Amino acid sequence: YEDRVALARAIANLPTPPSKRLREVFERGPGDDLRLACAGGLLRTGDDAALEWLLDRLRSSSGDPAGAEAT
């Protein structure tokens, strides 16, 4: 799982992230860490699939609100 998170983060940080692939991982991937790793790349490509999820994480007292804020 940690390898998948690291790979997703690396792909999301490419100069031109592949939004279609990131969206697939974001939507199907288990766990918040994996979704958070994809979220920044999605937003940079103009794909707002992660926006509502990030806002929910910011409002949540559990999970990783600081990670969502940083993204």
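I began with Arg 59, which forms a salt bridge with Asp 56, and I noted that the closest N and O atoms of the pair are 3.6 Å apart. The model I am reading is a predicted one. Arg 59 and Asp 56 are separated by about one helical turn, because they stand three residues apart in helix α4. I then looked up how open the two partners are: Arg 59 is exposed, with a relative accessible area of 61%, and Asp 56 is partly exposed at 38%.

**Overall form**

I stepped back to the whole protein and found five helices and zero strands, which follow the pattern α-α-α-α-α when read along the sequence. The C-alpha trace spans about 30 × 25 × 20 Å along its principal axes. For 71 residues a compact globule would have a radius of gyration near 11 Å, and the protein agrees with this, having 11 Å. Of these 71 residues, 34% count as buried.

How many salt bridges does a search of the whole structure find? The search gives five, and I followed some of them up. Arg 21 forms one with Glu 24, with the closest N and O atoms 3.1 Å apart; the two residues lie three apart in helix α2 (residues 19-28), and so are separated by about one helical turn. Glu 24 is partly exposed, with a relative accessible area of 26%.

I next looked at Arg 23, whose side chain meets that of Asp 47 in a salt bridge of 2.6 Å, N to O. Arg 23 lies in helix α2 while Asp 47 sits in the loop between α3 (32-44) and α4 (51-59), so this pair ties together parts that are 24 residues apart in sequence. Is each partner buried or exposed, or something in between? Arg 23 counts as partly exposed at 31% relative accessibility, whereas Asp 47, at 12%, counts as buried because the cut-off for that class is under 20%. I also noted that Arg 23, Glu 27 and Asp 47 are linked in a network of salt bridges.

Lastly I turned to helix α1 (residues 2-12), where Arg 9 is found. Arg 9 counts as partly exposed, at 42% relative accessibility, and its C-alpha atom is separated by 8.4 Å from that of Leu 36, which is 27 residues away along the chain. Glu 2 also has its place in helix α1 and counts as exposed, at 55% relative accessibility. Which residues gather with Glu 2 in a patch of negative charge on the surface? I found Asp 3, Asp 33 and Asp 64 there.

Key. Residues numbered from 1 in each chain as written. Predicted model: local features only at pLDDT ≥ 70, side-chain atom pairs only at ≥ 80, totals over all residues. Heavy atoms only, no water. Helix = DSSP H or I, 4+ residues; strand = E, 2+ residues; numbered from the N terminus. Buried < 20%, exposed > 50% of the residue type's maximum accessible area, 1.4 Å probe, protein only. Patch = residues over 30% accessible without salt bridge, like charges linked within 9 Å, V, L, I, M, F, W, Y side chains within 5 Å. Areas by Shrake-Rupley, 256 points an atom, 1.4 Å probe, with all protein chains shown as cover. Salt bridge = Lys/Arg side-chain N within 4 Å of Asp/Glu carboxyl O. Lys, Arg positive; Asp, Glu negative; His and termini not counted. Charge placed at Lys NZ, Arg CZ, Asp CG, Glu CD. Rg over C-alpha atoms; globule rule 2.2 N^0.38 Å.
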